[in-house]
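Work through the exercises below with the sequence and the structure side by side. Try each task before reading its solution.

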Amino acid sequence: MESRVLSYGATTVSGIPRLTKPSARINTVAVSLPARLNTDGGNIVWGRQLRPSLLNLDCSSAVPLVAPIAKRDLLKPCPATASDSTGDAAPVGFLAKYPFLITGFFFFMWYFLNVIFNILNKKIYNYFPYPYFVSVIHLAVGVVYCLGSWAVGLPKRAPMDSNLLKLLIPVAVCHALGHVTSNVSFAAVAVSFTHTIKALEPFFNAAASQFILGQSIPITLWLSLAPVVLGVSMASLTELSFNWLGFISAMISNISFTYRSIYSKKAMTDMDSTNLYAYISIIALFVCIPPAIILEGPQLLKHGFSDAIAKVGMTKFVTDLFWVGMFYHLYNQLATNTLERVAPLTHAVGNVLKRVFVIGFSIIIFGNKISTQTAIGTSIAIAGVAIYSVVKAKIEEEKRNLKAA
């Protein structure tokens with residue numbers, strides 16, 4: 001076996017022996033006392049593994065040791081490792097053999113937590129109609145959860161500097177605005193109607209990409225959005241719980257999350273998604289606190305808290321706020337973790353199905369009466385979002401394939 005070995009000349013450097021290539025075949029190896037011969041596979045020198053017969057370690061140590069080696073030992077093959085053998089491969093665990101079970105579990109928990117969050121959130125608004133304060137609670141519980149996770153090292157906290165902070169602040173501000181306005185809409189109208197309006201978010205994303213970022217949007221993508229606009233329009237015209245506050249708030253939420261996506265692309269970082277979402281939540285919390293105090297603070301102190309406690313009791317009031325915050329944080333975190341496990345197309349379709357689940361369960365749980373036109377319009381809008389998601393994911397996949405080629 002041929003190998004290149006660095007030479008430092010006739011003397012040793014910092015106690016490192018001089019390495020010389022032997023001029024003739026030898027059956028002995030001279031080794032200084034601190035050195036040991038690795039009979040399992042040779043010595044490793046500067047990242048290369050050499051057979052013992054090809055090394056001659058020359059040292060100026062006063063205690064040389066000459067170890068005779070038989071010829072049959074020199075020709076002895078190195079023992080095989082697990083990576084070299086295909087027959088003795090380590091047994092594969094059940095979950096590793098069927099990874100779709102883990103992915104399915106992620107999807108199930110994502111849907112489950114999202115449905116529970118929406119239902120519990122609406123129940124809270126039925127006896128405590130203060131969306132700004134509840135939005136703060138959502139973020140506050142998530143921030144406490146993140147701080148606790150950092151404290152135990154799960155995950156390890158990623159470092160933050162001023163440059164990254166400047167990039168994340170616009171993302172967090174848009175996240176805070178979109179979150180608050182979503183909750184204002186949830187409190188004002190039926191959950192199903194808010195989610196129907198929020199189905200327009202892809203339309204705003206496409207418009208922002210075309211007219212703000214200057215990206216060319218294919219005509220097929222625009223055509224796929226036509227059913228979304230038509231369906232939302234049909235549902236809005238005959239929605240029994242319609243009011244302008246809920247409608248406008250949901251539209252502002254769509255615009256806010258669109259700008260959040262734009263700023264997120266500008267703030268691309270190597271930080272993992274868990275730490276990134278934690279920092280965004282912390283900044284968003286500080287953004288949400290002032291308007292909650294200004295707009296709802298006096299009413300809360302005067303009769304808001306007392307009315308809620310009188311209706312459901314202190315224990316239920318506190319536990320409802322805690323669990324709705326936990327469900328909000330965990331379903332968002334699981335959505336991110338699910339995206340890391342599947343292809344963008346699968347995640348996009350899953351996101352559409354999640355909205356169907358939320359709309360369906362909210363109608364069943366709260367007994368919301370909807371007109372036939374609203375039901376048809378909602379179905380058309382959801383179908384349009386599904387078509388848009390499939391088309392967009394295929395376009396993105398084609399772009400990645402072209403870059404890879």
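**Exercise 1: A residue in helix H3**

Asn 114 is found in helix H3 (helices are DSSP runs of H or I with at least four residues, strands are runs of E with at least two, and both are numbered from the N terminus). The model is a predicted one, in which local features need pLDDT of at least 70 and side-chain atom pairs count only at pLDDT 80 or more, while totals for chains, interfaces and linings use all residues. Residues are numbered from 1 along each chain as its sequence is written, and side-chain values use heavy atoms, with hydrogens and water left out.

Task: decide whether Asn 114 is buried or exposed, and list what Asn 114 is in contact with beyond four places in sequence.

Solution. Step one is the cut-off: buried means under 20% relative accessible area, exposed means over 50%, and partly exposed lies in between, with a 1.4 Å probe and protein chains only. Step two is the value: Asn 114 has a relative accessible area of 2%, so it is buried. Step three is the contacts (heavy atoms within 4.5 Å): Asn 114 meets Tyr 331, Lys 354 and Val 358.

**Exercise 2: Another residue of H3**

Task: find which residues Tyr 111 touches, leaving out those up to four places away in sequence.

Solution. Tyr 111 also lies in helix H3. Its relative accessible area is 13%, and therefore Tyr 111 is buried. The residues that Tyr 111 touches are Gly 350, Leu 353, Lys 354 and Phe 357. For Phe 357, the separation along the chain is 246 residues, yet the two C-alpha atoms are separated by 7.5 Å.

**Exercise 3: The length of H4 and what follows**

Task: work out what span the 21 residues of helix H4 should have at 1.5 Å a residue.

Solution. The expected span is 1.5 Å times one less than the number of residues. For H4, residues 131-151, this gives 30 Å, and the end C-alpha atoms are 30 Å apart, so the two agree. Just after H4, Gly 153 has a positive phi of about 80°. Next comes a cis peptide bond from Leu 154 to Pro 155, with omega near 0°. Pro 155 is placed in the loop between H4 and H5.

**Exercise 4: The nonpolar cores**

Task: state how many residues the largest nonpolar core has, and follow Phe 128 and Phe 133 through their contacts.

Solution. A nonpolar core is a set of buried Ala, Val, Leu, Ile, Met, Phe, Trp, Tyr and Cys residues joined through side-chain atoms within 4.5 Å. The largest has 58 residues, and those with the most contacts inside it are Trp 110, Ile 124, Phe 128, Phe 133 and Leu 321. At least two residues of this core come from each of H3 (99-127), H4, H5 (162-188), H10 (273-312) and H11 (314-341). Apart from this core lies another, of 23 residues, among them Ala 190, Phe 193, Ala 206 and Ala 381.

Phe 128 lies in the loop between H3 and H4. Because its relative accessibility is 0%, Phe 128 counts as buried. Beyond four places in sequence, Phe 128 has contacts that include Phe 133, Leu 300, Phe 305 and Phe 317. Phe 128 and Val 312 are 184 residues apart in sequence, and their C-alpha atoms are 10.0 Å apart in space. Phe 133, under the rule of leaving out neighbours within four places, is in contact with Phe 128, Ala 292, Glu 296, Leu 300, Phe 305 and Leu 321.

**Exercise 5: A serine in H8**

Task: say which backbone oxygen the side chain of Ser 224 reaches.

Solution. Ser 224 lies in helix H8, residues 219-237. At 5% relative accessibility, Ser 224 counts as buried. Its side chain reaches the backbone oxygen of Leu 221 at 2.6 Å. Not counting residues up to four places away in sequence, Ser 224 touches Gly 384, Ile 387 and Tyr 388.

**Exercise 6: The chain as a whole**

Task: find how many helices and strands the chain has, and what share of its residues count as buried.

Solution. There are 13 helices and six strands. Of the 405 residues, 40% count as buried. In helix H6, residues 191-198, eight of the eight residues are buried.

Notes:
Polar contact = N/O pair within 3.5 Å; in protein donor to acceptor, adjacent residues only side chain to side chain.
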